[in-house]
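Take a first look at the fold below. Keep the helices in view as you read.

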Amino acid sequence: MITASFAVGLYMVSLTMSPSRIKLYNWHKWAGMTILTLAALRLYWRLTHRAPSLSASMPRWQAFAAQATHIALYVLFFAVPLTGWMYSSAAGFPVVWFGLIPLPDLVGKDRELAELLKPFHWMTAYALASLVVLHILAVVKHLVMDDDNLLGRMLPSMNGEKS
């Protein structure tokens, strides 16, 4: 969902004003609010369930990088949609989730504030996209180079416990 929302965001800003562009902006906002909701649920899950331990053979710098990346991902899971929501509010375009649920404006309509928020939204989006790519590369490294069963330890075993 994050990847699709990022791709739509890149594409929609290149379009001239049209019904298609407005549809894509709305879809992008709906995706952002859904990502925000799922991020809150995921954070709740992580706070109430222990993460699987890292491999004892993992170098300290990799363990630190993994933990720092996960923290940054969680921060950005919230920062990207919240800055988008604030930008939309400041620009005077309300967010109506799935066209059905009007969400409150996070800030009042203010063109100057909207122009200040706009770059924060795309900078956090690019940071999130970069970390997603880094995360995927780390998974591939663990699968191909390390063969340390990292993914297997994250999946529930047949008896409901972590492997």
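What follows is a walk along the helices and the contacts between them.

A word of caution comes first: this is a predicted model.

Start with helix 1, residues 2-12. Its axis comes within 10 Å of the axis of helix 2, and the two cross at roughly 150 degrees. An angle over 145 degrees counts as roughly antiparallel, so helix 1 is roughly antiparallel to helix 2. Their crossing is left-handed. On the side of helix 1, the contact is made by Ile2, Ala4, Ser5, Val8, Gly9, Tyr11 and Met12. Helix 2 answers with Arg21, Leu24, Tyr25, Trp27, His28, Ala31 and Ile35. By class, this contact has ten nonpolar, three polar and one charged residues.

Now move on to the next pair. Helix 2 covers residues 19-48. Helix 2 and helix 3 pack at an angle of about 145 degrees, and their axes lie 9 Å apart. This crossing is left-handed. From helix 2 come Lys29, Gly32, Met33, Ile35, Leu36, Ala39, Ala40, Arg42, Leu43 and Arg46. They meet Tyr74, Phe77, Phe78, Pro81, Leu82, Trp85 and Ser88 of helix 3. Twelve residues of this contact are nonpolar, two are polar and three are charged. Ile35 also belongs to the contact of helix 2 with helix 1.

Helix 3 deserves a look of its own. It runs over residues 60-91 and has 32 residues. From its first C-alpha to its last it reaches 45 Å, close to the 46 Å expected at 1.5 Å a residue. Just after helix 3 comes glycine 92, with a positive phi of about 90 degrees.

What does serine 88 touch, leaving aside its neighbours within four places in sequence? Its contacts are Lys29, Phe93, Pro94 and Val95. Of these, Lys29 is in helix 2.

The last pair is helix 3 and helix 4. Helix 4 spans residues 111-146. The two axes come within 8 Å and cross at roughly 150 degrees. Helix 3 and helix 4 are therefore roughly antiparallel to each other. Helix 3 passes helix 4 in a left-handed crossing. Their contact divides into 20 nonpolar, nine polar and four charged residues.

Technical notes: Residues are numbered from 1 along each chain as its sequence is written. This is a predicted model: local features need pLDDT of at least 70, side-chain atom pairs count only at pLDDT 80 or more; totals for chains, interfaces and linings use all residues. Side-chain values use heavy atoms; hydrogens and water are left out. Helices (H or I, at least four residues) and strands (E, at least two) are DSSP runs, numbered from the N terminus. The expected span of a helix is 1.5 Å times one less than its number of residues. Axes are lines fitted to C-alpha atoms, for helices over the stretch in contact, and angles run from 0 to 180 degrees between N-to-C directions. A crossing is left-handed if the near helix is turned anticlockwise from the far one by less than a right angle, and right-handed if clockwise. Contact means heavy atoms within 4.5 Å. Ala, Val, Leu, Ile, Met, Phe, Trp, Tyr, Cys and Pro count as nonpolar, Asp, Glu, Lys and Arg as charged, and the others, Gly among them, as polar. Angles under 35 degrees count as roughly parallel, over 145 as roughly antiparallel, 65 to 115 as roughly perpendicular and the rest as oblique.
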